[in-house]
Structure formats: C-alpha cells, structure tokens
Amino acid sequence: MANSIEVKDLTLNFGAISVLKKMNLDVAEGEFIVLLGPSGCGKSTLLNCLAGLLEISDGQIWIKGKNVTWSEPSERGIGMVFQSYALYPQMTVRGNLSFGLKNARMPQDEIDKRVARAAEILQIGPLLDRKPAALSGGQRQRVAIGRALVRDVDVFLFDEPLSNLDAKLRSELRVEIKRLHAKLNNTMVYVTHDQIEALTLADRIAVMRGGVIQQLAAPQEIYNRPSNLFVAGFIGSPSMNFLNGSTVDGGRAFALPGGIKLDLAEYEGGAVGARDKAVLGLRPEHLVVQDHEEPGKTIPAIVELDEPMGADSLVWFAAGGGQVSVRVPVERRLARGTEVHLKVDMTKASVFDAGTEQRI
C-alpha cells in the first residue's frame with residue numbers, strides 16, 4: 001500500500017532546545033494514525049509541521065508523493081481541525097463552511113454542493129442558518145470538522161479536537177469521527193493525550209515522549225506488548241502494576257521479595273536471561289483473586305482498599321513487595337486485611353530490564 005504521508009529524519013529546534021529529534025513516520029493511504037503522549041511530548045508540534053504551520057530545522061515531509069517540506073499550508077492538500085473551534089461568530093454555519101471556498105473563488109454551485117455534502121455526513125443540515133453562539137460545544141466541533149471536510153482533501157489533521165467537550169459529548173463525537181473515517185477512507189492523523197481516544201480510533205498509535213516515538217503499532221499490540229516501561233505505564237486505565245525483582249534460574253523464573261518465584265515458562269519465549277534487576281508488569285484484569293496457593297503461579301496478597309467501579313471493583317493489595325490493583329467481579333466483596341493469593345496470567349505479563357527500561 002502506498003504511503004500518504006512520509007516524515008523523513010524530521011528535526012525541529014527552538015534555539016538550543018531540540019523539540020523533535022530525527023523523526024521518521026510513514027502513514028499509509030487511508031490509515032488512521034493517532035499521535036499519543038503527555039503534554040510537551042511534541043505531538044501537536046509534529047502535526048503543525050505536517051500542516052506547514054512550523055518551519056522545520058532539518059529533514060523532509062512528503063504528502064501524496066510530493067515533497068511539501070517548504071510548501072505553504074494551502075499547497076499541501078490537507079484539512080485541519082484545531083482544538084479551539086475557531087469559528088467566525090458573525091457568520092452562520094453555512095457561512096463558516098463556505099468561507100474558505102469563496103476565498104478560493106470556487107463556483108457557487110460547487111460550494112453549495114460541498115456544503116450540502118458535509119452537512120449530510122455530519123448531520124448538521126438543520127443548523128446551517130444558525131450562528132455559532134446558538135450551537136452547543138459538540139455542534140460547534142462538528143462545524144469545525146465540516147470546514148475541513150468541504151475542502152475535499154486526502155489528508156485530515158486533528159489537533160485534540162474533543163478536549164474542550166464534556167465526557168459524554170467526547171464519547172459521542174469519538175464514534176462520529178470513527179464513522180466519518182470509515183465512510184470517507186481518507187488518511188487521518190489525530191493528536192490526543194487521551195488513551196481511550198487513541199485505543200478506540202487508531203489503526204496504529206505512535207506513543208511519543210520527549211520528541212521521540214517510543215512505539216508505533218496497532219492498539220492491541222501496544223496494550224499487550226508495550227516496548228518499554230514508559231509505554232506500559234502510559235497506556236491502560238487503571239494503570240499496569242509494576243513489581244521490582246530479578247530474573248533467576250537462568251531467566252526461567254521471576255523472583256519477588258519474600259522468596260516468591262513466578263514461573264516464566266509461559267512468558268513469550270520462556271527464559272529471558274538472568275538479570276539482577278528487572279520489573280514485572282501486570283495489568284489489573286490479568287490477575288485473578290483466589291484463596292489457595294499455586295507455587296510458581298501465585299503471589300500472596302493482603303487486601304488494602306476496595307474501589308467499586310460499577311461493572312466491577314478495583315481492589316488494591318499489598319503484594320510482591322509493592323501495591324497491586326486487580327479488577328474483581330463486583331459480587332465478590334473483600335474486607336480489608338483479608339489474606340488471598342493472586343494468580344498471574346504470565347502469557348499476558350510484561351518483563352522489563354530495570355536499567356534500560358526496555359521490554360525483555
């Protein structure tokens with residue numbers, strides 16, 4: 001499949017500060033890529049470089065087989081949706097949608113056709129004669145998306161478009177954006193710090209930190225096999241549990257404080273090599289509370305806190321020399337101080353080198 005966007009060794013410096021470092025990224029035709037990471041990681045900066053809103057220090061940007069590194073934003077064949085709606089308050093929805101097309105001196109019948117198509121796709125037809133002040137936040141964001149949609153471009157760039165909305169609206173518009181991509185099959189690059197948005201929307205996620213892509217993969221790959229401790233801790237809600245220990249017996253077992261050993265036979269390739277310092281990562285849904293011990297498969301634990309969460313409860317335990325959270329069926333009530341055993345699903349565990357922080 002041909003690439004719609006190619007970023008080659010892109011570097012961006014603000015004075016002596018390096019913001020993006022030798023960035024490489026290929027986005028396939030029709031792919032939905034999400035740039036995910038904490039504030040300051042460079043995700044919006046990268047998007048602004050793609051859009052031509054920032055001048056890069058080194059490297060190249062190719063869109064649809066054309067080198068656009070030094071091209072103006074209007075020459076790149078992109079539509080951009082910003083975090084702020086940036087609508088003209090004195091214009092109606094119809095006026096906002098058609099403004100850019102009129103400036104481009106497009107024939108009126110073509111403008112009307114594009115506005116009608118965007119309104120139909122986004123279900124904002126009844127709103128065309130209203131002004132932004134008479135719209136809800138969700139409706140305004142639909143109009144902002146529509147303004148990019150009428151340009152009929154191949155690549156859409158979204159810069160945290162849902163961050164100003166409440167939780168319910170975010171959920172609804174997330175579904176709408178996914179439907180929009182399925183309907184149009186355009187290339188989309190979407191920036192967010194919200195991992196739920198990333199996991200639900202993306203074909204692939206680029207997890208960023210400090211101007212560098214830490215891992216680029218499909219959502220389930222990143223969730224199940226995070227490449228390092230940062231990705232493992234950033235992805236997942238509730239967060240992954242981390243227990244410090246070592247790999248022993250030639251790397252065939254993971255040793256925890258208190259003489260606990262967990263068999264690594266079912267962990268990916270089995271033996272991981274002996275390491276004095278290693279970290280075991282366990283997601284809360286990959287642990288099971290049981291009353292009996294199974295040598296090599298369970299960790300003794302004491303209940304510390306129970307957090308009911310509706311469909312299930314998040315129960316916190318003192319276990320393995322640290323604190324461990326586990327998703328527990330809501331029907332099972334565990335009193336504080338209860339002694340139990342946590343069975344580990346080693347097929348879904350992650351083991352990291354404590355020094356390099358990389359997955360083993």
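Reader: What volume does the second largest pocket have?
Author: The model is predicted. In this model, the volume of the second largest pocket is about 170 Å³.

Reader: Which elements give two or more residues to the lining of the second largest pocket?
Author: The residues lining the second largest pocket include Leu 262, Asp 263, Lys 343 and Val 344. Two strands give two or more residues to this lining: E13 (260-263) and E19 (339-344).

Reader: How do the residues of the lining of the second largest pocket divide into nonpolar, polar and charged?
Author: Among the lining residues are Val 288, Gly 296 and Lys 297. Val counts as nonpolar, Gly as polar and Lys as charged. Over the lining of the second largest pocket, the division is 5 nonpolar, 2 polar and 5 charged.

Reader: How much space lies in the largest pocket, and which of its lining residues are the closest to its centre?
Author: The space in the largest pocket comes to about 640 Å³. Its lining has 24 residues, and those closest to the centre are Ile 78, Met 80, Gly 100, Arg 147 and Arg 151.

Reader: Which element gives the most to the lining of the largest pocket?
Author: Strand E6 (78-81), helix H2 (93-103) and helix H4 (137-149) each supply at least two residues of that lining. The element that gives the most, with 6 residues, is H2.

Reader: How many residues of the lining of the largest pocket are nonpolar?
Author: The lining of the largest pocket holds 3 charged and 5 polar residues. The number of nonpolar residues in this lining is 16.

Reader: Which peptide bond is cis, and where is the place of Pro 238?
Author: Most peptide bonds are trans. The bond from Ser 237 to Pro 238 is cis, with omega near 0°. As for Pro 238, its place is the loop between helix H8 (229-234) and strand E11 (241-248).

Reader: Where does Asp 9 lie, and is Asp 9 buried, partly exposed or exposed?
Author: Asp 9 is not a glycine, yet has a positive phi of about 50°. Asp 9 lies in strand E1 (residues 3-14). Its relative accessible area is 35%, and values between 20% and 50% fall in the middle class. Asp 9 is therefore partly exposed.

Reader: Is Gln 123 buried or exposed?
Author: Gln 123 lies in the loop between helix H3 (108-122) and H4. Gln 123 also has a positive phi, about 55°, although it is not a glycine. The relative accessible area of Gln 123 is 57%, and the cut-off for the exposed class is over 50%. Gln 123 is therefore exposed.

Technical notes
Residues numbered from 1 in each chain as written. Predicted model: local features only at pLDDT ≥ 70, side-chain atom pairs only at ≥ 80, totals over all residues. Heavy atoms only, no water. 1 Å grid on protein atoms, 1.4 Å probe; cavity = no way out; pocket = protein on both sides within 12 Å on 5 of 7 lines; lining within 4 Å. Points joined across faces, edges and corners; volume = space filled by probe spheres on them. Helix = DSSP H or I, 4+ residues; strand = E, 2+ residues; numbered from the N terminus. Buried < 20%, exposed > 50% of the residue type's maximum accessible area, 1.4 Å probe, protein only.
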